[in-house]
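Here's a quick briefing on a protein complex, written for someone new to reading structures. Have a look at the picture first, then work through the notes.

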Amino acid sequence: MKKYERITAIFVSLGGVWIMVYAWHTLKLGSIHVPDAGFLPFLCGAGLAILGIVWMLILQGTREQEAKGPAEKRLWHRPVLAMLLMLLYGWAMEAIGYVTSTLVFVIAWQKVIEREKWLKTMIIALLGTFAMYALFVYLLKVPIPPEFFAR
Amino acid sequence: MDIFAGLINGFSIALSGTNILFCFLGALIGTAIGVLPGLGPAATIALLLPMTYVIGSPVTAIIMMAGIYYGAMYGGSTTSILLNLPGEAASVVTCIDGYQMAKKGRAGAALGIAAIGSFIAGTVAIVGLTFFAPPLAEFALDFGPPEYFALTTLGLLLAVTLSGGSIIKGLIILFVGLLLAMVGLDPISGKIRFTFGSIVLQGGFDFVTLAMGVFGLGEILYNLESTLKTEIVTTKLGKVFPTLKDWADSKWAIFRGSVIGFFIGIIPGGGAVISSLASYAIEKKYSKHPEEFGEGAIQGVAGPESANNAASSSSFIPLLTLGIPGNAAIAMIFAALMIQGITPGPFLVAEHPDVFWGVIASMYVGNAMLLVLNLPLVGLWVQMLRVPYGILAPIIVLFTTVGVYSVQNQVFDIYSMLFFAALGYGMRKLNFDPAPLPLAFVLGPMVERSLRQSLLISGGDMTIFVTRPISGTLVAIFIALVIGQTFFFIKRKRGWKKPPAT
């Protein structure tokens with residue numbers, strides 16, 4: 001954990017410096033009498049740069065905390081896969097239409113992330129797609145992307 | 001309009017057919033989603049924010065959002081008692097004695113006293129809100145840009161320091177939130193900031209995408225990692241209505257919880273979490289049988305649950321009177337008001353009395369509704385906890401994705417929500433409290449505008465913030481807070497480095 005926190009602290013500091021440069025160079029700071037668009041971003045960037053350094057110094061002086069009891073096994077690949085599926089879903093919604101993409105998305109989620117059986121997967125996919133369609137299209141009148149075969 | 005006339009007007013609005021229906025729906029949906037572990041009030045309101053776009057009337061939209069908020073606050077206690085898993089942060093202490101009561105077959109009594117305590121405390125806080133908010137709003141009419149700058153920065157600092165997490169991490173999130181709020185057109189000079197050539201970003205990030213990403217999807221992604229299986233401790237709830245002895249044991253805990261919760265809830269950043277912790281500590285300290293705490297003492301449920309509900313109602317005071325949201329969930333309601341074209345603040349009571357009094361009156365109605373709804377429906381909420389997360393997660397993802405798309409009908413919003421989801425997930429992995437992010441995001445424009453206007457007014461003279469009485473007082477509190485926090489930080493660090501006594 002400490003390693004990741006140190007990397008994040010470095011990113012925070014570097015990000016802060018970059019924001020300061022961007023605010024000063026591109027946005028312009030103006031003067032204390034007439035502050036310009038870069039004035040507050042510059043202060044926020046400076047704040048981030050300083051906080052990143054302070055965080056690193058604190059991490060330097062503290063020891064890694066030992067976990068109490070057996071650590072819970074965490075499956076990091078599941079959120080990564082979920083993010084990828086959601087990205088594809090966002091793209092597919094406009095490319096192939098709302099209903100088809102939603103159906104495919106729920107099937108993919110159940111098979112790839114939850115590793116469910118086909119019958120349960122299909123029931124959840126059909127019910128989920130129908131429920132969302134009924135709620136957003138019929139009830140809330142949201143205009144959704146049309147299906148690719150109906151364009 | 002005096003307070004009583006305003007309240008009567010508010011009841012005439014809140015008791016109209018449509019508003020009663022949406023108040024009921026809000027309380028019902030809020031409780032239903034709040035019951036689900038991992039989804040607290042902020043996430044619940046975030047998920048349902050797009051709904052406010054389709055509700056035409058601002059009063060109705062805000063009545064529904066308020067219902068969702070206190071419904072979700074109540075829903076959190078159910079998971080604490082039955083699963084030993086807090087539905088939201090404010091219910092953490094309810095786990096201690098609530099779960100023990102459930103193990104002893106008294107889950108019904110724990111859920112019942114939580115509902116009754118929440119109702120009483122919520123009502124006490126709303127009475128306080130009714131009489132406290134209008135004079136405060138009148139007082140705030142004298143506020144100029146320096147006062148607003150001092151107030152917003154103090155509010156943000158309090159939100160960070162009172163959150164209980166790392167102050168450094170809280171401040172980092174605060175600055176990130178302020179910077180995210182600056183994306184798009186600068187409101188004063190019209191310059192384009194942080195858009196990197198993207199035309200869609202010129203309007204800035206939408207609050208809905210940020211809220212749904214960080215609180216809704218971020219939560220889902222983090223929960224997906226978990227391999228823990230939660231089990232309901234009991235299916236037999238026992239009697240839901242507390243006995244006379246339970247009532248006698250709890251009544252003072254409820255009263256104290258209501259008062260503590262009301263006052264802590266007014267402080268920005270104070271809110272439900274601190275009030276429930278404070279209430280539990282006080283109940284244990286002044287109990288004749290402190291040894292019963294942790295073993296299923298009913299006061300350990302009644303006090304904190306009353307306190308967190310009182311705090312959630314009183315946290316509307318800074319929102320409705322000063323335009324300052326004190327916590328993440330209230331920041332969502334702030335956004336819902338803005339979506340409806342209403343700016344919360346001291347002018348709200350004069351310019352939109354229907355919204356101001358309608359919402360307050362609806363809270364009386366909603367609180368009573370929540371009590372009627374929750375006691376008989378406890379069994380239903382227990383059944384809801386049996387729905388596997390594998391089914392809920394994709395449904396919530398679909399809901400958020402279409403919800404975000406529906407706001408502006410553009411796929412870009414889905415991508416920006418995914419960006420915020422990744423940010424929210426990363427924040428949880430690194431133990432960052434996400435609460436200051438929406439607060440900084442919604443207050444960012446006010447902070448920047450008031451700072452630049454103050455400097456323009458004073459011709460660059462920074463003493464404008466200390467020479468005016470109200471802003472001077474707020475700045476003094478700000479400085480005292482910074483000095484106090486620095487002092488405690490150094491003291492703690494020195495304590496660590498002290499060699500152990502041999």
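Why does a radius of gyration of 22 Å agree with a compact globule for chain B? Chain B has 502 residues, and for that length a compact globule would come out near 23 Å, so the 22 Å of chain B agrees. (The radius of gyration is taken over C-alpha atoms, and the globule rule is 2.2 Å times the number of residues to the power 0.38.)

Before the details, some ground rules. This is a predicted model, so local features need pLDDT of at least 70, side-chain atom pairs count only at pLDDT 80 or more, and totals for chains, interfaces and linings use all residues. Residues are numbered from 1 along each chain as its sequence is written, while chains are lettered from A and ligands numbered from 1 in the order in which they are written.

**How confident is the predictor?**

- Chain B averages a pLDDT of 85, and 93% of its residues score at least 70; pLDDT is the predictor's confidence in each residue, from 0 to 100.
- Within chain B, confidence is lowest in helix H4 (residues 51–54), with a mean of 76, and highest in helix H9 (residues 167–181), at 93.
- For the complex, the predictor gives an ipTM of 0.92 and a pTM of 0.82.

**Chain B overall**

- Chain B has 22 helices and two strands; helices (H or I, at least four residues) and strands (E, at least two) are DSSP runs, numbered from the N terminus.
- The C-alpha atoms of chain B fill a box of roughly 65 × 65 × 50 Å along the principal axes.
- Of its 502 residues, 60% count as buried. Buried means that 20 or more other C-beta atoms lie within 10 Å of the residue's own, exposed means 12 or fewer, and partly exposed is in between, with C-beta atoms placed from the backbone.
- Take the contacts in chain B between residues at least 6 apart in sequence: 80% of them join residues at least 24 apart. Two residues are in contact if their C-beta atoms, placed from the backbone, lie within 7 Å.

**Chain A overall**

- Chain A comes to five helices and zero strands, so its elements run α-α-α-α-α from the N terminus on.
- The radius of gyration of chain A is 24 Å, well over the 15 Å that the globule rule gives for 151 residues, so chain A is more spread out than a compact globule.
- Along its principal axes, the C-alpha trace of chain A spans about 60 × 55 × 25 Å.
- Buried residues make up 30% of chain A.
- Chain A is assigned domain 1 (2–61) and domain 2 (77–150), with bounds that come from an automatic or database domain assignment. The C-alpha centres of these two domains lie 40 Å apart.

**Where the chains meet**

- The contact takes 52 residues from chain A and 43 residues from chain B.
- On the side of chain A that touches chain B, the elements giving two or more residues are helices H1 (2–27), H2 (39–61), H3 (77–96), H4 (98–113) and H5 (118–139).
- By class, that side of chain A has 35 nonpolar, eight polar and nine charged residues. Here Ala, Val, Leu, Ile, Met, Phe, Trp, Tyr, Cys and Pro count as nonpolar, Asp, Glu, Lys and Arg as charged, and the others, Gly among them, as polar.

**The nonpolar core**

- The largest nonpolar core has 212 residues, and those touching the most other members are B:Ile45, B:Leu49, B:Ile62, B:Ala211, B:Met332 and B:Ile333. (A nonpolar core is a set of buried Ala, Val, Leu, Ile, Met, Phe, Trp, Tyr and Cys residues joined through C-beta atoms within 7 Å.)
- Helix H7 (residues 107–140) of chain B gives the most to this core, with 18 residues.
- Domain 1 and domain 2 of chain A each supply at least three residues to this core.
- Leaving aside neighbours within four places in sequence, B:Ala211 is in contact with B:Ala46, B:Leu49, B:Met332, B:Ala335 and B:Pro438.

**Residues to click on**

- B:Leu178 is in helix H9 of chain B and is buried, with 26 other C-beta atoms within 10 Å.
- Beyond four places in sequence, the contacts of B:Leu178 are A:Cys44, B:Ala440, B:Gly444 and B:Val447.
- B:Phe194 has a phi near 50 degrees, a positive value in a residue other than glycine, and is partly exposed, with 19 other C-beta atoms within 10 Å.
- B:Phe196 also has a phi near 50 degrees, but counts as exposed, with 7 C-beta neighbours inside 10 Å.
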